[in-house]
Structures are given as structure tokens and as C-alpha cells.
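Q: I have this structure open and want to go through a few parts of it. Can we start with how some of the helices pack?

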Amino acid sequence: MSAGYHQGYQQRGYRPAPKRRKPRVGRIIAAILVLLLAFAVGMWVYVDSSLRRIDALPDYEGRPADTPGTNWLLVGSDARDDLTEEQKADLSTGDAGGRRTDTIMILHIPSGSGKSTLVSVPRDSYVDIPGNGKNKINAAFAFGGPSLLAQTVEGATGLRIDHYMEIGFGGFAGIVDAVGGVDLCIKEPMNDPLAGLDLQPGCQELNGAQALGFVRTRAFATADLQRVQNQREFLSALSDKATSVGTLINPFKAFPLLFASTDSISVNEGDHLHHLAGMAFGMGGGVDNVTVPVGGTPTVPGAGSVVQWDRTNALRLFGALEKDEPVPSDLLQQPG
């Protein structure tokens, strides 16, 4: 066709339709990622600001100096103040008032590679409590709350506690339910009406109420010494579940877990959500388990039946942790 024809064609108002711009997929994806990141950061800040904080680790004269690695004091209290009557019945907690420590553990996360160490401190351990003479270690919590318990633990072990986490009955059950239950393999029938526990042997998923009964029951020949082993086993399994890919990428588990944590956990004033995440991941790959070596269980006037530490081996245990070295293998609790 001639140039004149094209010119006339355009003069009569006929112009080629403009090419449609294809949406830039990269920009759309980038915008979505920015929105998701902003939401995640905002959620993280909100949850962190909602954590319950207490002055659990104040400085005092004679406090141990900083030691390598990171030491957490993990406390499970029997506080029932925030439970309704229905929740108390569902969890078989009873109506005892006050706050006592059902669980006392020290988690040592090494500064380099290697497993973390989870140390169970029997709650009947007979130790010096500053300003209160010698008594069971859980009495420190009753006498002076978290700060006196932390000072007592530091004095007895020589370790400086860097972080503190406390959880009550209801909070524990809530966190377990938030992750959809925790899988455990039960070796023998476990029946304890006082703890609301009735489990048959075999591998199974425990819900919040069952898990609480599992870590509370003392219906064993060795009572508290067996219980602390169960508590370590369950805490490791819970950490594995909480840090698993299936939990972290599932908003129906990840968000309930975050909100359950803010409602359930008390931490030291300087602790934040990223510290809690570091603690969970520090346990997620498996830990070395140990109970403070026991030398005897005498009856002491005014204190009742107590747990006396094997001083020589306790010094070996805490000496290794103080230097951020592996715990001697003969002190570790063997799996199975």
C-alpha cells in the first residue's frame, strides 16, 4: 500500500490500538513480600511488647561474674490464680493457693557448636537460701519470688543466670494445645488421679491437659527424681514441635503459639521474644540431659525429706558448665 493511503487512513481517525502493558509480575511479588514482611514485623513487635516482664535477675553483692555460653533459669510454677473453676477441674489442679515451683531447670546453651545441656534441679534440694538459712530450694520461690530463687540457684551452682522464664499450669496446657499437641512414647501405664492422668503404653499425642498431668505426676517409686526426667523429655519434645517447619509455616499454629506465649510466660525485664526463640532453637536439635547428682535423701527437722547433692559430682557438673565445656559423660542421663 502507498504512503498516501496510510496517511489518509490516519487522518480519518483510524489509529492502531495501543499495545497493552503486561503487568510486571516482579513488582507484584515484591509488593506482596513487603506487605507480608511489614505484617510479620508488626506482629513480632506487638507480641514482644505484650510479654509479661518481672525483675527476676537484679544485681546483688557477690553475684557470679559472667560465664561463657547462655544460662536460662526455667521455672514451672503451680500458680492457679488465672484459672477459672472449670479450668481447674479440666486440668485437675486443685485449689491450693500461693505460688510454688513444680519445676526448676537450668538450660545451658554453649557459645560455640555442640548440644545444649538441660539440668534438672530437684525441688527438694537442700541448699542455702540467702537470708533464710538452709531449706528446700523451692522454698526460695515461696519466700522471695523469682529473684530470690535465681539468687539461690546462682549461689548453689556458681553459674550466672542470663535469662529467666516462668510458666504456670494454665499457660503450659495452652502452649501445648496451640502447637496441636506433642508426641511422646509412653513405656508403662501412667495413672494418677491427683494429676488427672490416665495414659496407656505406646506412642501417642498428648493434649494440654494430658501433658500437664505427665509433667506433674510423682506416682513413681523414685517420686520427684523420675518426674524431673519426664519434664526434661517433654520440654525437649515441645521445643522440637514448636520449632518444626510444620509449625513455623502454618499460621494456624504459629500465631496461636505466639499469643499463647504472651498469655502464659513471664520473663526477666531485659528478655525479649528473640531470646525466647533462641532458647527454643537451642533445645530444638536435642539436648544433653542431666539431673544434679544426688548424694542422699535424709529427713531434716523443720524441712522434712530433702535431697542432698553429691557435692563432688555436682562440682564437676557445674564446673564444666561454668567453663562452657561438655558435661562429663558419666553424669549425663542416658536416653531410653
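Q: At what angle do helix α2 and helix α9 pack, and how far apart are their axes?
A: This is a predicted model, and in it helix α2 (residues 25-50) and helix α9 (residues 251-264) pack at about 25 degrees. Their axes are 8 Å apart.

Q: Why are those two numbers given?
A: Two packed helices are described by the angle between their axes and the distance between the axes.

Q: Is α2 roughly parallel or roughly perpendicular to α9?
A: Roughly parallel, because the angle is about 25 degrees and angles under 35 degrees count as roughly parallel.

Q: Left-handed or right-handed crossing?
A: α2 passes α9 in a left-handed crossing.

Q: Which residues make the contact?
A: From α2 there are F39, M43, Y46, V47 and S50. From α9 there are F255, L258, F259 and T262.

Q: How do those divide into nonpolar, polar and charged?
A: In the contact of α2 with α9, seven residues are nonpolar, two are polar and none is charged.

Q: OK, another pair. At what angle do α7 and helix α10 cross?
A: The axes of α7 and helix α10 (residues 273-284) cross at roughly 110 degrees and come within 8 Å. That makes α7 roughly perpendicular to α10, because 65 to 115 degrees counts as roughly perpendicular.

Q: And which residues touch there?
A: L235, S236, S239 and D240 of α7 meet A280, M283 and G284 of α10.

Q: What classes are those?
A: The contact of α7 with α10 has three nonpolar residues, three polar and one charged.

Q: I clicked on N230. Where is that?
A: N230 lies in helix α7, which covers residues 224-242.

Q: Buried or exposed?
A: N230 is buried, because its relative accessible area is 7% and the cut-off for buried is under 20%.

Q: What is N230 in contact with, leaving aside its neighbours in sequence?
A: Leaving aside neighbours within four places in sequence, N230 is in contact with M190, F214 and F220.

Q: Changing topic: how many disulfides does a search of the whole structure find?
A: The search finds one disulfide. The bond joins C185 to C203, with an S to S distance of 1.9 Å.

Q: Where do the two cysteines sit?
A: C185 is in strand β8 (residues 182-186) and C203 is in strand β11 (residues 202-206). The two are 18 residues apart, and the pair links distant parts of the chain.

Q: Is the link right-handed or left-handed?
A: The link of C185 and C203 is right-handed, with 95 degrees about the S-S bond.

Q: Are those cysteines buried or exposed?
A: C185 counts as partly exposed, at 43% relative accessibility. C203 counts as exposed, because its relative accessibility is 61% and the cut-off for exposed is over 50%.

Q: What about E166, where is that?
A: E166 is in strand β7 (residues 163-167). E166 is buried, with a relative accessible area of 5%.

Q: How far apart are E166 and R52?
A: In sequence they are 114 residues apart, and in space 9.8 Å, C-alpha to C-alpha.

Q: Last bit, the protein chain as a whole. How many helices and strands?
A: The protein chain has 11 helices and 17 strands.

Q: What share of the residues count as buried?
A: Of the 336 residues of the protein chain, 46% count as buried.

Q: And what share of the contacts comes from residues 24 or more positions apart?
A: Among contacts in the protein chain with a separation of 6 or more, residues 24 or more positions apart account for 67%.

Conventions:
Residues numbered from 1 in each chain as written. Predicted model: local features only at pLDDT ≥ 70, side-chain atom pairs only at ≥ 80, totals over all residues. Heavy atoms only, no water. Helix = DSSP H or I, 4+ residues; strand = E, 2+ residues; numbered from the N terminus. Buried < 20%, exposed > 50% of the residue type's maximum accessible area, 1.4 Å probe, protein only. Contact = heavy atoms within 4.5 Å. Axes fitted to C-alpha atoms, helices over the stretch in contact; angles between N-to-C directions. Parallel < 35°, antiparallel > 145°, perpendicular 65-115°, else oblique. Left-handed = near helix turned anticlockwise from the far one by under 90°. Nonpolar A, V, L, I, M, F, W, Y, C, P; charged D, E, K, R; others polar. Disulfide = S-S within 2.5 Å.
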